[in-house]
Amino acid sequence: MGDWRELFKPWIVERGRDYFSGGHVVELEEEGFLGCAKVSGSQEYQVEIRSDSDGVLRMACDCPYAERGENCKHMAAAL
């Protein structure tokens, strides 16, 4: 996978790292090129990441920030 950090604003990568380090990724499953995670924040959010051998193809999260079309800290934490 390429450098996935390039898909995020720098402060989102930092917040995602903090979420991961703080144990907010409470469930993570990977099967082939699909990853699913539950990330706890003010609520528990579902994250889905699809990739192939060249890198990330599509990411989704049900948080308000991602629903506006942005790549969020929950996605960064899952990655």
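Begin with the face of helix H1 turned away from its buried side, where the exposed residues (over 50% relative accessible area, 1.4 Å probe, protein chains only) are Pro10, Trp11 and Ser21. The model is predicted, with local features requiring pLDDT of at least 70 and side-chain atom pairs counted only at pLDDT 80 or more, while totals for chains, interfaces and linings use all residues. Residues are numbered from 1 along each chain as its sequence is written, and side-chain values use heavy atoms, leaving out hydrogens and water.

Next, select Ile12, Val13, Gly16 and Tyr19, the buried residues of H1; buried means under 20% relative accessible area. They lie on the same side of H1, because the arc that they cover around the axis is only 120°, taken from the directions from the helix axis to the C-beta atoms. These buried residues pack against strand S1 (25–31), strand S2 (34–40), helix H2 (64–67) and helix H3 (73–78). Helices (H or I, at least four residues) and strands (E, at least two) are DSSP runs, numbered from the N terminus.

Now turn to the largest nonpolar core, which has 20 residues. Such a core is a set of buried Ala, Val, Leu, Ile, Met, Phe, Trp, Tyr and Cys residues joined through side-chain atoms within 4.5 Å. Phe8, Val39, Val47, Cys61 and Met75 have the most contacts inside this core. H3 gives the largest share, 4 residues.

Finally, select Val47: beyond its neighbours within four places in sequence, its contacts (heavy atoms within 4.5 Å) include Gly35, Ala60, His74 and Ala78.
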